[in-house]
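Please look over the sequence and the model below.

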Amino acid sequence: MVRLTLFTGCFTLVKQVAVEASILSVLKYFNIELVVPRSVNCCGFAFRSVYPSLSLYLTGRLLASLYDAESSGILALCNGCYLMLREAIHRLRENPRQLEFVRSYLREEGLDLRSIPRIVHPIELFHDMIGIEVLRGISRGGQDRNTVIATHYGCHALRPSTIPSFDNPLNPSKMERIIEALGFRTRDYPERLDCCGAVLLASNPSLAMKMAYSKISGTARWGFQLLVTTCPYCFEMLDSRQEAVMQMFGDEPKLPVMLLTQLIGLQIGLSEGSVALNLNLSPVDRVLPYILRR
Amino acid sequence: MAAETISWISVETVRACYTCFKCIGVCPAGLKPNLFVKAYIGSMFREFREVYEEVIKDSSIWMCARCLKCVEVCPQKVSLNDVIEYLQHEATKRGLVPQVYLTMVENTMNSYLAFASQTIVSRDGDIYMTEDVRSLLGLDPLPEPQNIEKFRERLRLLKEAG
Amino acid sequence: MGRVAVFLCHCGTNIAGVIDIQRVAEEIRKISGVAIVQDSRFLCSTDGIESMVDSIRSSGVDRVVVAACSFRTHEPLFQNALRRAGLNPYLLELVNVRELCSWVHEKEREKATEKAVKMIRAAIAKIQGNQPLERRKLPVIPAALVIGGGIAGIRAALDIADAGFTVYLVEKEPSIGGNMARLDKTFPTLDCSICILGPLMNAVAQHPNIKLLTYSEVLSIEGRVGEFSIKILRKPRYVREDLCKGCLICIAKCPAKADDEFNMGLSHRKAIYIQYPQAVPRIPAIDPSTCFYFQKGICRACEKLCPTGAIDFSQRGEVVEVKVGAIVVATGFEEYTASQIYEYGYGRYPNVITGLQLERLVSSYGPTGGRLTVPRIDREPRRIAIVNCAGSRDERHLPYCCRVGCMASLKHAWYIKHLIPDAEVFIFADEIRASGKGFEEFYRRVRLLPGVYIVKGRASEVRGNPDGTVSVMAYDPALGHGISINTDLVVLEVGIVASRSTESVRNILKLGVVAQGGFLLELHPKLNPIETAVDGIYICGAVAGPKDIPETVAQASAAASKVVSLLSRGYIETQPYTARVNSELCSGCRICVTACEYGAIRIVEKGGRSVASVDEALCKGCGACVGSCPSRAIEIPNLGLDQIEAMIAEIVR
């Protein structure tokens with residue numbers, strides 16, 4: 001029985017709740033125990049360059065308060081949080097002064113950084129921990145096996161390659177294997193590693209939308225029927241804002257987008273409601289007939 | 001104390017830039033990462049200090065989407081992301097930072113989270129607030145911010161530290 | 001107790017700038033047994049040496065300590081001085097107070113001076129135990145082995161053979177010629193490559209002194225310079241060389257198909273094949289991994305068709321042993337794995353190829369007979385991008401410059417304009433390195449071709465489009481603009497590494513390699529780029545580092561010249577630092593036998609007991625046996641354990 005500490009990140013808690021709802025439903029099926037931590041805080045990704053010490057403290061606080069000796073690791077649902085946590089571990093390991101600095105603030109709360117938790121990405125969870133064979137087993141046919149699905153890892157899951165991650169940064173394949181194990185086709189496409197633009201929503205929304213437009217329109221021209229991602233920010237740009245993005249450039253929404261957990265949940269036989277599919281704003285109705293088990 | 005403890009830049013790798021322009025061709029925001037690098041490297045020479053200051057004051061450093069593609073393709077493994085963040089921090093110290101980031105820090109100081117409760121729209125066009133959607137989906141409500149005063153004070157000190 | 005002369009060299013300021021020579025001299029004079037102490041600004045100068053010889057003669061000393069630089073620079077010079085002064089050259093101790101003292105302790109003069117004194121005291125203690133030693137002359141076999149039949153190996157073999165010595169030229173492929181045979185033309189003159197290579201290949205085949213062993217590999221080597229024993233595996237061609245007339249009828253009807261490696265995977269060959277029409281020798285080989293007979297037991301069409309009955313499926317590999325005096329390694333290079341450079345799309349798009357693949361496409365004996373078409377799409381390209389430094393000068397792949405890529409890219413631009421006059425060619429390079437003879441002029445010649453545009457920025461990414469074209473993204477600093485160039489074909493000038501067979505050859509020969517690229521290590525990068533750390537083994541060509549054809553040929557002739565010099569002298573003089581066994585003390589425990597990397601120690605019967613015995617010809621004087629012996633029964637002369645103990649005693653005093 002695998003036990004993981006769940007870390008949603010602020011954006012999922014407050015906006016992209018489908019990320020949280022779908023993974024809770026799906027992991028119940030796979031018998032993965034998720035521990036909900038008592039105290040969480042923002043990881044500090046957005047303002048890490050503005051207040052670097054503050055940001056590092058925030059991430060350090062997470063590493064300390066989310067650590068659970070009986071848990072196999074921290075499941076970080078957001079790519080930004082996933083990077084912050086791993087990078088903080090890397091930095092604090094290399095730099096004793098920074099470590100001591102963070103610890104001095106943590107001690108005020110009775111927290112400390114003694115052990116290093118493993119940080120787990122949802123793709124890693126499904127591919128490495130649950131395993132491809134198990135996923136192959138849940139896919140019992142009924143879908144249209146010619147459905148071609150585009151994978152979108154997001155920028156911070158695998159880059160920068162100086163911080164070890166779960167797959168090859170310029171040529172990842174784990175999400176593809178998951179898609180294929182579920183019974184669908186996938187293929188490489190030039191825009192695969194392109195950025196959704198989410199980070200710029202804060203300071204430069206029009207540039208963010210332009211990047212999202214390039215990503216969506218570029219991907220759509222290859223004939224994909226669906227795009228899947230795990231990150232709430234990528235989902236915000238590619239799904240929630242697809243209509244606004246496309247209209248800004250005189251185009252229309254054309255690419256159904258789902259979370260990986262929603263796709264897996266539908267394969268298991270979970271209802272659309274339990275994976276919060278009603279919160280998807282991209283044209284997912286178009287692709288449902290092809291991916292649902294009969 | 002904090003400013004020296006938080007230093008990202010591995011100076012050795014930054015100086016290795018040999019201006020091949022590969023980073024510019026891959027940048028989705030149309031930025032010139034190696035301009036930032038050369039400005040940083042040049043900042044130690046008096047002839048380049050003025051340009052360096054201009055670069056810090058220019059809004060383009062805040063246009064980086066942190067996609068990290070430039071870092072991945074750089075043949076000299078220059079940590080371009082670190083350089084851009086350093087310049088952003090320098091800009092912050094000069095009082096030039098987009099308000100939205102300051103707001104996010106304020107939110108965090110008041111609730112542990114960078115975002116406040118907001119509207120969520122469903123595909124059918126229904127409008128909800130965060131709390132409603134969470135409860136409809138059977139999720140726990142947003143956590144109550146406990147012991148927030150001490151946390152806020154800690155963050156205030158950290159803000160001053162830099 | 002011997003009488004010792006001590007010479008202290010200033011080496012200009014290299015030593016004297018840190019070490020207080022006068023103080024050292026004072027301290028050393030106090031030591032008993034030291035007859036004279038003399039210092040000199042440059043001991044290695046003619047002046048310095050003459051003065052040393054005179055002092056030795058006049059002072060009547062019988063041994064000499066020299067405190068100067070590393071023995072690797074001037075040991076022979078000082079040994080010669082002793083010889084001229086009438087002393088045995090092995091009654092000399094060189095103390096390295098430069099590399100091991102003044103150069104590493106520049107900031108600590110006091111301590112450096114004290115250390116120098118200690119080092120010299122230790123040397124004086126040691127030299128009391130030195131014995132006069134003699135070098136031995138060992139014969140040199142008047143034959144050479146050249147491993148690798150590319151242009152480097154061919155040139156070296158011809159030069160050595162022309163000097164009258166037998167040369168065994170071993171090549172692992174069925175034909176000699178190497179990578180040069182793959183090229184269409186050579187820069188900057190645009191000579192037809194095979195036209196200038198072919199005559200040399202034929203000369204090799206016909207030379208009475210060259211024994212050509214193609215489709216063969218070196219298995220093992222034993223021995224030492226002057227007398228190497230080499231086992232060579234002659235792989236079976238399944239074609240009898242004495243009967244085959246080279247008519248090639250056998251190939252026409254072969255039903256099997258395999259990837260044609262000579263054509264860089266762009267076409268197929270048969271299971272029975274010659275690599276290209278000008279192959280030397282013109283004798284096909286059967287590849288058993290794809291031959292229908294070997295795989296499924298059917299066919300044998302070649303056997304039925306052969307007019308001379310030369311096909312012999314029962315042929316076996318043969319191990320041949322040869323003895324030579326010297327070895328030249330010329331195993332060449334290959335292209336780096338382009339698919340590793342993910343952003344350039346090699347392997348993901350069929351219209352992204354490497355430089356050598358382009359050579360094959362434009363070659364008149366290549367997969368398309370010289371028509372430049374996009375692989376698998378088979379359409380003539382109108383817009384071609386050439387991406388320089390693909391994988392080179394890149395910390396993520398090969399950190400070094402490939403040296404030939406810039407010139408190759410210009411040559412490739414020329415090829416394309418020559419074959420497709422309306423084509424548009426874009427070269428993406430952050431620098432163009434054109435430093436050889438005629439290179440800059442060739443660069444100008446290519447720039448003047450209409451329809452050629454050089455972007456002074458590296459290609460950032462190659463992205464495919466739904467219509468089958470590929471776009472190259474980059475930044476043009478001259479225009480100050482990001483650009484996206486839509487093309488039909490992308491040519492990657494990929495970096496080069498030592499050929500993969502180099503790894504096994506270097507293990508067999510025990511040669512060092514450079515970590516990045518696997519190139520073989522020379523003895524000295526400036527002054528000795530041809531010799532290696534192993535006496536009698538020389539390297540030349542691209543296996544020693546990326547280079548173009550003129551440099552390769554120059555190095556090949558240099559290697560040949562060194563070989564000829566060795567072989568024509570006819571003997572070598574050994575260093576007398578070989579291990580000697582004191583059979584009184586030896587218990588025959590065999591620990592030294594296991595410790596010896598070179599298999600130089602055997603157990604023999606002597607006076608009714610089993611004792612160790614060292615083969616001086618194989619012993620390299622490494623001292624492993626000395627360290628391993630529990631009875632202190634084996635020692636290297638003038639490096640005795642009691643001498644070393646005396647040194648240690650001086651140092652810790």
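Chain B splits into domain 1, residues 2–93, and domain 2, residues 99–161. In this predicted model, the C-alpha centres of the two domains of chain B are 32 Å apart.

Chain C contains 18 helices and 34 strands. Its C-alpha atoms occupy a box of roughly 90 × 70 × 40 Å along the principal axes. Of the 653 residues in chain C, 45% are buried. Among contacts in chain C with a separation of 6 or more, 70% are between residues 24 or more positions apart.

Chain C also touches chain A: six residues of chain C are in contact with six residues of chain A. On the chain C side, these residues comprise two nonpolar, one polar and three charged.

Within chain C, helix 2 runs over residues 46–59. Its 14 residues reach 20 Å from the first C-alpha to the last, close to the 20 Å expected at 1.5 Å a residue. Gly48(C), Met52(C) and Ile56(C) are buried in this helix. These three lie on the same side of helix 2 because they cover an arc of only 65 degrees around the axis. An α-helix has 3.6 residues a turn, so residues three or four places apart point the same way.

What do the buried residues of helix 2 of chain C pack against? Their partners in chain C are strand 1 (4–9), strand 2 (34–40), strand 3 (63–68) and helix 3 (71–84). The face of helix 2 turned away from the buried side carries exposed residues: Thr46(C), Asp47(C), Glu50(C), Asp54(C) and Ser58(C). Just after helix 2 of chain C comes Gly60(C), with a positive phi of about 65 degrees.

Technical notes. Residues numbered from 1 in each chain as written. Chains lettered and ligands numbered in written order. Predicted model: local features only at pLDDT ≥ 70, side-chain atom pairs only at ≥ 80, totals over all residues. Domains from an automatic or database assignment. Helix = DSSP H or I, 4+ residues; strand = E, 2+ residues; numbered from the N terminus. Buried ≥ 20, exposed ≤ 12 C-beta atoms within 10 Å, placed from the backbone. Contact = placed C-beta atoms within 7 Å. Nonpolar A, V, L, I, M, F, W, Y, C, P; charged D, E, K, R; others polar. Expected span 1.5 Å × (residues − 1). Arc of directions from axis to C-beta.
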